[in-house]
Amino acid sequence: MIDELRDLEPFRDEVRSWFGRHVPADWREQQAGASPEQFAEFHRWWGSVLREGGYFAPHWPERWGGGGYSLLEQVVIAEELARADAPRNVLYQVSLYNAGPSILHSGTEEQKQRFLPPIIDGTVWCQGFSEPNAGSDLASLETRAVRDGEDYIVTGQKVWTSMALEADWCILLARTDSNAPKRKGITFLLMDMHSPGVEIRPIKQATGQFEFCETFMSEVRVPVENRLGSENDGWGVTNSTLASERGVVVLELAERLMRNGVGELIRSIGTWTSESGVPLVSDTCARELVAERYAEAAVLRQLVNTMIANIVGRGGVGNEASIVKLYYSELLQRLMNDAATLQGMEAQIVRPPLMSAGWESGEWLYDFINSYSWTIGGGTNEIMRNIIGERALGLPREPEVL
Ligand SMILES: Cc1cc2nc3c(=O)[nH]c(=O)nc-3n(C[C@H](O)[C@H](O)[C@H](O)COP(=O)(O)OP(=O)(O)OC[C@H]3O[C@@H](n4cnc5c(N)ncnc54)[C@H](O)[C@@H]3O)c2cc1C
């Protein structure tokens, strides 16, 4: 724990007690095998519980319906959510960590009035950035927005749009000037997902779920008043969005892995036996694996502490977020792989998993398959390595492809 957090013990007690009273002990059982509709219903309900307690948008200013908590208080809330093993607020991730902060940062007063209160009331947003030919190299995106009077007419395709099926709105990047250098011709739009011309096709994942989708836009009209920032200046707006995505979110994930993932593995090997009937707790290889993952979780804790201390000292997210994301996602894969291996044949019997609960389904094999998404989403690990190389180590930049 970093020193500054010690002063917040009374606040921590209050938060812990609140989550202790409000997190349903059987939420995993309630959610097992849920349909996408049941998943959305459950998470709308969980969002309303968090809202009641003031923990729905801890990082937003009070003026816009957020908790107005300091960064350190947000850290405490994230830690206590993990400790309580609460459901992750997955349905509202983009609404609260991407769309909202972008509007807060780059929106006009009128846009804030129009879009922020509905987010607090439960409007679901998705993020339409990636395309079939634009992922890591996002600036290569080809979706076009052509001005027609007071509207843009948007045509193109997005892919991997998480929660598109549930979303009411989309933060969308579209090219408005094909002749400008690629980062200079992009505009940031707020698109109503119920507009004529929007078509969503769910993508079945290796886990059998449909968390993300292809989103097709065929001459969709987006009013100019739904543009965030100036025309052709979407890249600046986007960068503020991605920075926000990588900071606090990664902290909560790391905390969950340390407290719950490793803890659950330690509890589990106490109940498993090898195929020859030997309890795994007395198997040297199994003990070594678990001890290794535990030690790595301790390293992750140090990395997270350094990240928090630096954010507090500097007031913003730095390179440490990339280091934590890289280390977290690869540790997650190792942990899930070991757990599924140690569980043995039983791991093959996958019961109906949770919809989009990340890796916390309680089914190790399912969680192992799902863990691969964490080395890709939010910027791939190769891109994280590039960022660390260039910004933290001062290595020469990659050549720019225009
Ligand atoms: C679970 C999940 C949810 C997602 N949700 C959303 C969403 O809601 N909205 C959205 O817009 N997108 C979303 N994405 C998409 C995600 O942002 C992209 O998958 C990611 O940016 C990588 O892009 P790509 O898939 O096109 O891979 P590519 O960029 O084509 O990369 C392919 C491979 O090449 C490597 N590579 C690429 N460039 C470099 C380089 N310069 N140096 C070294 N290696 C490189 C990559 O690391 C990767 O291994 C999601 C992805 C996942 C996994």
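Guide: This is a predicted model. Start with Ala254, which touches Leu300, Val304, Val324 and Tyr328, leaving aside residues up to four places away in sequence.

Visitor: Which residues have the most contacts inside the largest nonpolar core?

Guide: In soluble globular proteins, nonpolar side chains tend to be buried together. Here the largest nonpolar core holds 96 residues, and Met191, Ala254 and Leu257 have the most contacts inside it. Helix 11 (residues 320-343) gives this core its largest share, 12 residues.

Visitor: How is the protein chain divided into domains?

Guide: The domain assignment gives domain 1 (3-88), domain 2 (125-232) and domain 3 (247-392). Taken over C-alpha atoms, the centres of domain 2 and domain 3 are 32 Å apart.

Visitor: Which domains supply at least three residues each to the shell around the ligand?

Guide: Domain 2 and domain 3 each do so. The shell has 20 residues, and the closest to the ligand are Gly135, Ser136, Gly377, Thr380 and Glu382.

Visitor: What classes of residue make up the shell around the ligand?

Guide: By class, there are 6 nonpolar, 12 polar and 2 charged residues in the shell. At least two shell residues come from each of strand 1 (125-128), strand 3 (151-162) and helix 13 (381-392).

Visitor: Let us take strand 1. Are its two faces covered, and which residues lie on each side, buried or exposed?

Guide: In a regular strand the side chains alternate between the two faces of the sheet. In strand 1, Trp125 and Gln127 lie on one side, while Cys126 and Gly128 lie on the other. These residues are all buried, and both faces of strand 1 are covered.

Visitor: In which sense does strand 1 pair with strand 4?

Guide: Strand 1 and strand 4 (residues 169-175) pair in the parallel sense, over 4 bridges. Within strand 4, Ile171 stands opposite Gln127.

Visitor: Now a residue from another part of the chain. Where is the place of His43?

Guide: His43 is in helix 4 (residues 36-53). Setting aside residues up to four places away in sequence, His43 touches Val90 and Leu91. Ala25 is 18 residues from His43 along the chain, and their C-alpha atoms are separated by 15 Å.

Visitor: Why is His43 called buried?

Guide: The test is a count of neighbours: a residue is buried if 20 or more other C-beta atoms lie within 10 Å of its own. His43 counts as buried because 25 other C-beta atoms lie within 10 Å.

Definitions and conventions
Residues numbered from 1 in each chain as written. Predicted model: local features only at pLDDT ≥ 70, side-chain atom pairs only at ≥ 80, totals over all residues. Domains from an automatic or database assignment. Near = placed C-beta within 6 Å. Nonpolar A, V, L, I, M, F, W, Y, C, P; charged D, E, K, R; others polar. Buried ≥ 20, exposed ≤ 12 C-beta atoms within 10 Å, placed from the backbone. Pairing = 2+ DSSP bridges. Core = buried A, V, L, I, M, F, W, Y, C linked by C-beta atoms within 7 Å. Contact = placed C-beta atoms within 7 Å.
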